[in-house]
Amino acid sequence: MTAQNSPVSPVTWKEDRVLLIDQNRLPKEYGVVEISRCEDMAEAIKTMIVRGAPAIGVAAAYGMYLGAREIETGDRTEFLTKLEQVGELLRSTRPTAVNLFWAISRMLKTAERTSGSVEQVQKTLLEMAKTIQAEDLQTCKDIGDKGLEVLPATPEKLNLLTHCNAGALATAGYGTALGVFRSAWREGRLGRVFADETRPRLQGAKLTTWECVQEGIPVTLIADNMAAHCMKLGMIHAVVVGADRIAANGDAANKIGTYSLAIVAKAHNVPFFVAAPLSTIDFELSDGSKIPIEERDPVEMYQVGTTRICPVGVEFYNPAFDVTPAEFISGIITEHGTVAPGELKHFQAKQLV
Ligand code: MRU
């Protein structure tokens, strides 16, 4: 099967089930996994068939509906108790991306607020999952366009670097960081994307480059340790990355390696932007030290494909994310515009979140 439309949509509701693009098989092959049960959705999030903060939020929303549909009771109170358990299962999949928790909580609130029979609540939950998905797509397009306003004005076309994959595959479609690149490409302002390969899981090498190639956007793959060299040579005009959770003070968690990239960017006076929807901001956390960081299986580090790359006897540390302190971030690009990290509270004051 090949992708019919670009940008792609990693999550699709079809008739009575969810279709997920299997991101573990890209770029070698394009395959789709069918999900009809909540437990399978939880497993798909855990094993990263679907990944990227907004995309796992959308997937979890559909997972909530699938779970709701499995609850066999006509009693509303019992239904809501069991739905809370569905939420618990989905929450236990990945700890860092706040969009997951945000989507589950939005689905639970929807259930509580919907009057009528259990059947009516189930129906409304499916509609809400579709709404969350549609909103995310529009939000990403808005982020893309807002990002254009802050990209540096250069006589030549822009060379923009990103880390991991914050593209269509990581969202409902279009992407956050890659959304900015897509908008710049549409406006004729983008010269080339530089994609960090993003060890250990290689989302940059496998997914970001795949998305660019699908759309004919020029892309150069670099190893993670090449960014400083490229910046020193003046090859990069700006860095734009996504985020999994942003604390109230603007500290931003994103894929491991983002922090070192931000330090390198600052050292070379290259603007460093974080592009994320407001649903990625966690105002309950005052700063980034409180963001839970997922640790993943060491196999991601010691094995490349089927080949072990280090001797037996080595120990491992495999944090999936790091936190970039606000002071290294030039601006946070959201669907409502770009703000300095310290200004996020304005969104709360305006009751946008
Ligand atoms: O572990 P992953 O692949 O889910 O990590 C994804 C990232 O770190 C993305 O940059 C982030 O979720 C933003 S996606 C728009």
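This is a predicted model: local features need pLDDT of at least 70, side-chain atom pairs count only at pLDDT 80 or more; totals for chains, interfaces and linings use all residues.

Colleague: Which residue stands opposite Arg17 in S2?

Modeller: That's Lys14.

Colleague: And what sheet do the strands form, in what order?

Modeller: An open one of three strands, ordered S1-S2-S3, with antiparallel pairing. On average, neighbouring strands here are turned by 25° against each other, ignoring direction.

Colleague: What's going on in the loop between S1 and S2?

Modeller: Glu15 sits there. Its phi is positive, about 55°, although Glu15 is not a glycine. Glu15 counts as exposed because its relative accessible area is 65%, and the cut-off for exposed is over 50%.

Colleague: Where else is there a positive phi in a residue other than glycine?

Modeller: Leu202 has one, near 65°. That residue is in the loop between S5 and H7.

Colleague: Is Leu202 buried or exposed?

Modeller: Buried, at 19% relative accessibility. The limit for buried is under 20%.

Colleague: OK, cis peptides. Which residues does a cis bond join, with omega about 0°?

Modeller: Leu26 and Pro27. Pro27 is in the loop between S2 and S3. Another cis bond joins Arg199 and Pro200, with omega about 5°. Pro200 lies in the loop between strand S5 (190-196) and helix H7 (203-215).

Colleague: Switching to rings. How many aromatic pairs turn up in the whole structure?

Modeller: Five. One of them is Trp13 with Tyr65: the ring centres are 5.6 Å apart and the planes are at 80°, so this pair is edge-to-face. Trp13 belongs to strand S1 (residues 11-14) and Tyr65 to helix H2 (residues 53-70), so the pair ties together parts 52 residues apart in sequence.

Colleague: Are those two buried or exposed?

Modeller: Both Trp13 and Tyr65 are buried. They also form one aromatic cluster together with Tyr62.

Colleague: And why is the pair of Tyr302 and Phe316 tilted?

Modeller: The planes are at 45°, with ring centres 5.2 Å apart, so tilted is the label. Tyr302 is in helix H10 (residues 299-302), while Phe316 is in the loop between strand S13 (307-308) and strand S14 (321-324), so the pair ties together parts 14 residues apart in sequence. Phe316 is partly exposed, at 29% relative accessible area.

Colleague: Which charged residue lies over the face of Tyr302?

Modeller: Arg308, at 4.4 Å from the ring centre. There's also Lys266 over the face of Phe328, at 5.2 Å from that ring centre.

Colleague: Last one: where is Thr258?

Modeller: In helix H9 (residues 258-267). Thr258 is buried, with a relative accessible area of 2%.

Colleague: What does Thr258 touch, not counting residues up to four places away in sequence?

Modeller: His163, Val241, Phe272, Asp322 and Thr324. Separately, the side chains of Thr258 and Asn254 are joined by a polar contact of 3.0 Å.

Key. Residues are numbered from 1 along each chain as its sequence is written. Side-chain values use heavy atoms; hydrogens and water are left out. Rings of Phe, Tyr and Trp (its six-membered ring) pair if their centres lie within 6.5 Å; planes under 30 degrees apart count as stacked, over 60 as edge-to-face and the rest as tilted. Helices (H or I, at least four residues) and strands (E, at least two) are DSSP runs, numbered from the N terminus. Buried means under 20% relative accessible area, exposed over 50%, partly exposed in between (1.4 Å probe, protein chains only). A charge sits over a ring if NZ of Lys or CZ of Arg is within 6 Å of the ring centre and within 35 degrees of the ring normal. Two strands pair if DSSP finds at least two bridges between them. Axes are lines fitted to C-alpha atoms, for helices over the stretch in contact, and angles run from 0 to 180 degrees between N-to-C directions. A polar contact is a pair of N or O atoms within 3.5 Å; within protein, one must be able to donate a hydrogen and the other to accept it, and residues adjacent in sequence count only if both atoms are side-chain atoms. Contact means heavy atoms within 4.5 Å.
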